[in-house]
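Dear colleague,

Please find below the structure that I am handing over to you. My notes on what was found in it follow.

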Amino acid sequence: MPLIRLPDDPYHWIGLNDDVIEGLWKWHDTDKVPTFTNWYPGQPDGHRNANCAIIHASLHYKWSDQGCQESYKPLCEKVGLGHEVEVVG
Ligand SMILES: [Ca+2]
């Protein structure tokens, strides 16, 4: 079983933002700084105009920053009954 399955949409929100302090990226649900990041080279580069992170299917699932007003679908984590975690879009 694959660890991650993404639908065909090229971009998804991942729940990471730096809207409180520019450059300090935190998870929306826990307000914690990520222990792992997967930014595309040169990202994040949008500064104050891009405070939400997306995952790019077309860029090998790397991350970039975007304006939070964009209407992408979220990427969510779903905990199963066992130890598996399924990621759905
Ligand atoms: Ca920013």
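The model is a predicted one. I begin with Ile-55, which, apart from neighbours within four places in sequence, is in contact with His-12, Ile-14, Tyr-61, Trp-63 and Leu-75.

Strand pairing

The strands β1 (residues 11-17) and β3 (residues 52-56) run antiparallel and are joined by 4 bridges. Strand β1 also pairs with β5 (residues 73-74), here in the parallel sense and through 2 bridges; Trp-13 has Pro-74 of β5 as its bridge partner. A further antiparallel pairing, over 2 bridges, links β1 to β2 (residues 26-27), and in it Asn-17 stands opposite Lys-26 of β2.

The nonpolar core

Ile-55 is also a member of the largest nonpolar core, which has 9 residues in all: Trp-13, Ile-14, Leu-16, Trp-25, Cys-52, Ala-53, Ile-54, Ile-55 and Trp-63. Both β1 and β3 supply at least two residues of this core, and β3 gives the largest share of it, 4 residues.

Gln-66

Is Gln-66 buried or exposed? Gln-66 is buried, because 20 other C-beta atoms lie within 10 Å of its own, and 20 or more is the cut-off for that class. Gln-66 is found in strand β4 (residues 62-66). Its contacts, leaving aside neighbours within four places in sequence, are Gly-46, Ala-50, Cys-52 and Ile-54.

Backbone features in the loops

Most residues other than glycine have a negative phi, and most peptide bonds are trans.

- Gln-43 and Pro-44 are joined by a cis peptide bond, with omega about -5 degrees; Pro-44 lies in the loop between β2 and β3.
- His-47, which is not a glycine, has a positive phi of about 50 degrees. His-47 is placed in the loop between β2 and β3 and counts as exposed because it has 11 C-beta neighbours inside 10 Å, where 12 or fewer is the cut-off.
- His-60 likewise has a positive phi, near 60 degrees, in a residue other than glycine. His-60 belongs to the loop between β3 and β4, and with 9 C-beta neighbours inside 10 Å it is exposed as well.

With kind regards

Technical notes: Residues are numbered from 1 along each chain as its sequence is written. This is a predicted model: local features need pLDDT of at least 70, side-chain atom pairs count only at pLDDT 80 or more; totals for chains, interfaces and linings use all residues. Two strands pair if DSSP finds at least two bridges between them. Two residues are in contact if their C-beta atoms, placed from the backbone, lie within 7 Å. A nonpolar core is a set of buried Ala, Val, Leu, Ile, Met, Phe, Trp, Tyr and Cys residues joined through C-beta atoms within 7 Å.
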